Amino acid sequence: MRFATALALGILAFVAPASACEEDLPKIGYLGISDLSCDCTTNFSVRSKDGHAALSRIWTFRSEPVVGGINPRGPSAGKLRSEDVITAVDGALITTREGSARFSSLQPGQLIRLTVRRDGRELPVAITVGEICPEELSGVFSLGELRK
């Protein structure tokens, strides 16, 4: 099954404590990838952590994801390109449990090192993870539905 998203791909994670987001959810890690194609699954959940709502997203990759688009004002602008293939996160292959876990748990402000394949070459790309409110990820989900 091929999974493609056009969701301002927040590459969500366990999140920072301060918030001005809907439903009192904190901001989430954001790479600024606007489209990602892969044989993969992602699961969202809202949970309470120390009395505060938190949104998490767990990725499982069965193929290396291909970047389809980049937000020109996002953290990956000028670093990633359309058609880049993400092969590793902080040295862990993205198709492994460890690589998927690292991709799933990006924190705002965290410096990550992606390895991408571009034009047949492997390249390291350092990105400081940005932040975004979950509701800014257009068309992804209804926060109310996640709470059910």
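Close-up 1. C38 and C40 are both buried (buried means under 20% relative accessible area, exposed over 50%, and partly exposed in between, with a 1.4 Å probe and protein chains only). A disulfide, meaning a pair of cysteine sulfur atoms within 2.5 Å, joins C38 to C40, with 1.9 Å from S to S. The torsion about the S-S bond here is about 50°, so this link is right-handed.

A quick note on what you're looking at: this is a predicted model, where local features need pLDDT of at least 70, side-chain atom pairs count only at pLDDT 80 or more, and totals for chains, interfaces and linings use all residues. Residues are numbered from 1 along each chain as its sequence is written, and side-chain values use heavy atoms, with hydrogens and water left out.

**Close-up 2. The C21–C133 disulfide and its surroundings.** The structure has two disulfides, and this one joins C21 to C133 at 2.1 Å, S to S. It links distant parts of the chain, 112 residues apart: C21 sits in the loop between strand 1 (3-5) and strand 2 (28-30), C133 in the loop between strand 11 (130-132) and helix 2 (143-147). (Helices, H or I with at least four residues, and strands, E with at least two, are DSSP runs numbered from the N terminus.) With -80° about the S-S bond, the C21–C133 link is left-handed. C21 is buried at 7% relative accessibility, and C133 is buried at 6%. Counting bonded cysteines along the chain, the disulfide pattern is 1-4, 2-3.

**Close-up 3. L114 in the largest nonpolar core.** A nonpolar core is a set of buried Ala, Val, Leu, Ile, Met, Phe, Trp, Tyr and Cys residues joined through side-chain atoms within 4.5 Å. The largest one has 21 residues, and L31, L80, I86, F103 and L114 touch the most other members. Strands 3 (33-38), 5 (52-61), 7 (85-89), 9 (111-118) and 10 (121-128) are the elements giving two or more residues to this core. Leaving aside neighbours within four places in sequence, L114 has contacts (heavy atoms within 4.5 Å) that include L80, I86, L123 and I127.

**Close-up 4. Strand 9 and its partners.** Two strands pair if DSSP finds at least two bridges between them. Strands 7 and 9 run antiparallel and are joined by four bridges, with I86 partnering V116. Strands 9 and 10 pair in the antiparallel sense over eight bridges, with L111 partnering T128. In the strand 9–strand 10 hairpin, which has two residues between the strands, D119 takes a positive phi near 50°.

**Close-up 5. A few of the salt bridges.** Seven salt bridges turn up in the structure, each a side-chain nitrogen of Lys or Arg within 4 Å of a carboxyl oxygen of Asp or Glu. E64 meets R117 with the closest N and O atoms 3.0 Å apart. E64 lies in the loop between strand 5 and strand 6 (66-70) and R117 in strand 9, so the pair ties together parts 53 residues apart in sequence. R102 and E98 also pair up, at 2.5 Å from N to O. These two are four residues apart in helix 1 (residues 97-104), so about one helical turn separates R102 and E98. Salt bridges that share partners also join E64, R117 and E122 into one network.
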